[in-house]
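Please walk through this chain one site at a time. Keep the viewer open and follow each contact as it comes up.

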Amino acid sequence: MFNKNIKIKILSKFLGFGKNGINLSIGEQIKKNNNFFSKLSVNFDLYQNYPKTNFNKKLLKNFKKTTKKKYGVELKNKNIIPSLGNRDGLYTSFLIFNKIEKKYVILFKPYYPIYKNICDFFNKKIILIKKNIRKKFIKYNKLINFIIICSPNNPDGNIINKKQINKIILYCNFYNIKIISDECYSDIYFKKLPTSIIKFKKKTKNYSNVIILNSLSKRSCAPGLRSGFYISSKKNINSIKVIKNISGTLLSEFNQYISAQLWKDNKHVKKIRNKYKERIKKCVEILKKNKIKIKKPKGGFYLWINIKKYAKNDIIFCKKLYKNNSIKILPGEIFGVKNYIRIALVVSKKKCIYSIKKIIKCLKNEKKNK
């Protein structure tokens, strides 16, 4: 059932760069600029308690209240359960939906590399698509286990609109294909709130065909809290409870206590979103001024840049950039697309601008030597 020999060498190699320099490879640093965390109350007595399946009432209440405010949907307790962040959510979703006889999983290109790793672990073959999903669904329909969507998408910031979601649900219902919707970036948008599958309860047969994932990692810049939520049907949620009880992966009461406060407050989320918006805007302006083509992302905090015109190889370019300038970014090959680079604008605005200018200079030098 499981493949224990999956390879994650490329990703681990880049994330394993030294601590020196500017790290624009992973989104975990803007929290240093967020004063809201110093105001959170903690209850150390909760460290003495085993986590329970009847989760903190305030946590559930605040999550439901935030969801209703965002999407106008009143979630019921039977449809939600806390997770240990989205990585835990992905793994458990695979366990719930896995059908051995269905060997394919659909991913949108470019994709978050962990999607590939977990597909490899479960011995699933990947079908990559950009926009037109109809041909793939028709060709492989009986062998497709599920489709994973991420909106806004990591790494390019693309947002799946309501029409596209409707089409995906229609095909999946017809061919009995499950949907895993990763919505961890849903609070990091620049114009319009991304459409969530939460709004499609009836079309997804009361969420029986979907598992929706969200967490505080991006929303509140709290990846170390490992706190998120699953949203699905009562049957799926009950199955998740069984798995989490057996595996001991229930969210601790200590983390639930802090998480309840983070889900309640939306002011800090808006401040975080505005900081990313400022960085994106300024860095895109600099790139365009230097005639480096880039499609401005609709959400997330990444810049996804095609460097084919400048560099021979995205992996080699990223290594050179770190070696010569101590700036860490990730190559597109990790995300299933060559000749691209992903830049996470998570440090101070000043450092982001400095880094972008250095990257531009390096790209121009690479072009001369190409």
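Start where H3 meets H4: Arg 87, Leu 90, Tyr 91 and Phe 94 on the H3 side contact Ile 114, Tyr 115, Ile 118, Cys 119 and Phe 121 on the H4 side. By class, the residues of this contact are 8 nonpolar, no polar and 1 charged. The model is predicted. H3 spans residues 85-97 and H4 spans residues 113-121. Their axes come within 11 Å. They cross at roughly 35°, and the crossing is right-handed.

Some of these side chains also belong to an aromatic group. Tyr 91, Phe 94, Phe 97, Phe 121, Phe 122 and Phe 146 form one aromatic cluster. Tyr 91 and Phe 94 come from the H3 side of the helix contact, and Phe 121 comes from the H4 side.

Next, step past H4. Asn 123 sits in the loop between H4 and strand S4 (125-129). Its phi is near 60°, a positive value in a residue other than glycine. How exposed is Asn 123? Asn 123 is partly exposed, with a relative accessible area of 43%.

A second residue shows a positive phi. Ser 326 has phi near 55°, and Ser 326 is not glycine either. This residue is in the loop between helix H11 (314-325) and strand S10 (327-328). Ser 326 is partly exposed, at a relative accessible area of 29%.

**Aromatic pairs**

How many aromatic pairs does the structure hold? There are 21 aromatic pairs. One of them joins Tyr 47 and Phe 254. This pair is stacked, with 4.1 Å centre to centre and 15° between the planes. The planes count as stacked because the angle between them is under 30 degrees.

The pair links distant parts of the chain, with the two residues 207 residues apart. Tyr 47 lies in the loop between strand S1 (22-23) and H2. Phe 254 lies in helix H9 (residues 253-264). Phe 254 is buried, with a relative accessible area of 8%.

The bond from Lys 109 to Pro 110 is cis, with omega near 0°. Pro 110 is in the loop between strand S3 (104-108) and H4. The bond from Asn 154 to Pro 155 is also cis. Here omega is near 25°. Pro 155 is in the loop between strand S5 (144-150) and helix H6 (162-175).

Asp 156 lies in that loop between S5 and H6 too. Which residues does Asp 156 contact, leaving aside its neighbours within four places in sequence? Asp 156 is in contact with Pro 110, Pro 297 and Trp 304. Pro 110 is the proline of the cis bond from Lys 109.

The side chain of Asp 156 also has polar partners within its own stretch of chain. A polar contact of 2.9 Å runs to the side chain of Asn 153. A polar atom of the Asp 156 side chain lies 3.2 Å from the backbone nitrogen of Asn 158. Asp 156 and Ala 311 are 155 residues apart in sequence, and their C-alpha atoms are 19 Å apart in space.

Move on to strand S9 (residues 302-306), which holds Asn 306. Asn 306 is partly exposed, with a relative accessible area of 32%. Not counting residues up to four places away in sequence, Asn 306 touches Asn 339 and Tyr 340. The side chains of Asn 306 and Tyr 340 are joined by a polar contact of 3.3 Å. A polar atom of the Asn 306 side chain also lies 2.9 Å from the backbone nitrogen of Lys 308. Leu 90 is 216 residues away in sequence from Asn 306, and the C-alpha atoms are 29 Å apart.

Finish at Glu 74, in the loop between helix H2 (57-71) and strand S2 (80-83). Glu 74 is partly exposed, with a relative accessible area of 47%. Its side chain makes a polar contact of 3.1 Å with the side chain of Lys 68. Gly 336 is 262 residues from Glu 74 along the chain, and their C-alpha atoms are separated by 37 Å.

Note on methods: Residues are numbered from 1 along each chain as its sequence is written. This is a predicted model: local features need pLDDT of at least 70, side-chain atom pairs count only at pLDDT 80 or more; totals for chains, interfaces and linings use all residues. Side-chain values use heavy atoms; hydrogens and water are left out. Axes are lines fitted to C-alpha atoms, for helices over the stretch in contact, and angles run from 0 to 180 degrees between N-to-C directions. Helices (H or I, at least four residues) and strands (E, at least two) are DSSP runs, numbered from the N terminus. A crossing is left-handed if the near helix is turned anticlockwise from the far one by less than a right angle, and right-handed if clockwise. Contact means heavy atoms within 4.5 Å. Ala, Val, Leu, Ile, Met, Phe, Trp, Tyr, Cys and Pro count as nonpolar, Asp, Glu, Lys and Arg as charged, and the others, Gly among them, as polar. Buried means under 20% relative accessible area, exposed over 50%, partly exposed in between (1.4 Å probe, protein chains only). A polar contact is a pair of N or O atoms within 3.5 Å; within protein, one must be able to donate a hydrogen and the other to accept it, and residues adjacent in sequence count only if both atoms are side-chain atoms. Rings of Phe, Tyr and Trp (its six-membered ring) pair if their centres lie within 6.5 Å; planes under 30 degrees apart count as stacked, over 60 as edge-to-face and the rest as tilted.
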